[in-house]
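Dear colleague,

Please find below the sequence and structure that I am handing over to you. My findings follow.

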Amino acid sequence: MKAVILLSGGLDSSTVLYQAIADGYECYAISFNYQQRHQRELKSASAIATAARVVQHQVVEFDLRLWGGSALTDKTIDLPQERSLDQMSQNIPITYVPARNTIFLSFALAYAEAVFAERVFIGVNALDYSGYPDCRPDYIDAMQEVFRLGTKQGREGQPITILTPLIHLKKTEIIELGNRLGVPWELTWSCYTGDELACGVCDSCRLRLAAFAQLGLADPLPYSSNRLI
C-alpha cells in the first residue's frame, strides 16, 4: 500500500514517517515552503526523507506571508519565549498559522489521489501544549469527510484515509515511540526561529527539551540555550 506523509522535519512528523514505514507502506513525503520564518526545518525534512529512503519527496512552495496573521509568517510579531508549560496551554498561541493544516492536507490529498495512495499520515497531537485548533480529533474527523466527498476515490467508495498515530500521545510517549522505530533525532528540527542553531527558548524548543529531560535522555540537537522549564 502507498501513503503520503506530511513531513515538516520535526520530531512528530519524522516519527509518523518511520511509523508508516514500519507499518509496511510505500511512503511519499510532502513538505511545505510557505515562507515560514523557520525554513531551516526544510533541511531536516530533506535529511529525514533521504534517511528513510522514501519513494519520493515533494516540497510545495507558496507564500503565506501575503496575509500573515502568525508569528511564523510575520516577522513583526514576536515569537513567544521562555513560557512555562502552563502558559502555553492557556490560549491558542500566536504561532498558529491560519488554516495551515487545512492547506497542507489539501495538497496531501491531491498528491495521494494522483499517486493512488490509500492513506495520508499527519503528525497532529491533541495532548501537546500548542492548543492548535487544527490538531484536534474533531477537526480530523471533519477533514476525513472532505476527503470522502471531494475526491473521485471517495465518491467511488474508496476514500483516502487520514491516519494520526500520535494524536493521543504525550510528547514523551512520542519520543519513546521514535526511539523504538529508530528515528534519527539528530536530523530533526523543532525550533521556530530562523537561525541555524535551535534557540532553546521558543515554545517548540522548550516542549521538546522538557520531554527529553523527563525521559532522562539528552536531545542530540545543539542549542544556543537549553534552560529547562
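Against which helices do the buried residues of helix 7 pack? They pack against helix 1 (11-22) and helix 8. Buried here means under 20% relative accessible area, with exposed over 50% and partly exposed in between, for a 1.4 Å probe and protein chains only. The buried residues in helix 7 (residues 171-181) are K171, T172, I174, I175, L177 and G178. Just after helix 7, G182 adopts a positive phi of about 80°.

Two remarks on the basis of these values are in order. This is a predicted model, in which local features need pLDDT of at least 70 and side-chain atom pairs count only at pLDDT 80 or more, whereas totals for chains, interfaces and linings use all residues. Residues are numbered from 1 along each chain as its sequence is written, and side-chain values use heavy atoms, with hydrogens and water left out.

Helices (H or I, at least four residues) and strands (E, at least two) are DSSP runs, numbered from the N terminus.

Five strands form an open sheet in the order 3-2-1-4-5, with parallel pairing; two strands pair if DSSP finds at least two bridges between them. Strand 3 (56-61) and strand 5 (161-163) stand at the edges with a single partner strand each, so one side of each is left without a neighbour in the sheet. From one strand to the next, the twist averages 25°.

Strand 1 and strand 2 run parallel and are joined by five bridges; I5 stands opposite A29 in strand 2. Six bridges pair strand 2 with strand 3, also in the parallel sense. In strand 3, V59 is the bridge partner of S31, and E61 is that of N33. Strand 2 is largely enclosed by the rest of the structure, because seven of its eight residues are buried.

Helices on the sheet

Strand 1, helix 1 and strand 2 make a right-handed β-α-β unit. The β-α-β crossover from strand 2 through helix 2 to strand 3 is right-handed; this term applies if, with the strands pointing away from the viewer, the path from the first strand over the helix to the second runs clockwise.

Helix 2 (residues 40-52) packs on the sheet, touching strand 2 and strand 3, and its direction makes about 170° with that of strand 2. Helix 5 packs on the sheet as well, touching strand 4 (119-121) and strand 5, and its direction makes about 155° with that of strand 5. Axes are lines fitted to C-alpha atoms, for helices over the stretch in contact, and angles run from 0 to 180 degrees between N-to-C directions.

The nonpolar cores

The largest nonpolar core has 44 residues, and V4, L6 and V120 have the most contacts inside it. Such a core is a set of buried Ala, Val, Leu, Ile, Met, Phe, Trp, Tyr and Cys residues joined through side-chain atoms within 4.5 Å. Among the elements that give two or more residues to this core are strand 1 (2-6), strand 2 (26-33) and helix 8 (203-214). Helix 4 gives the most, with six residues. Leaving aside neighbours within four places in sequence, L6 is in contact (heavy atoms within 4.5 Å) with residues including I30, F104 and V120.

The cysteines

The structure holds zero disulfides, a disulfide being a pair of cysteine sulfur atoms within 2.5 Å. The sulfur of C199 is 3.5 Å from the closest cysteine sulfur, in C191, too far for a bond. C199 is buried, with a relative accessible area of 7%.

Yours sincerely
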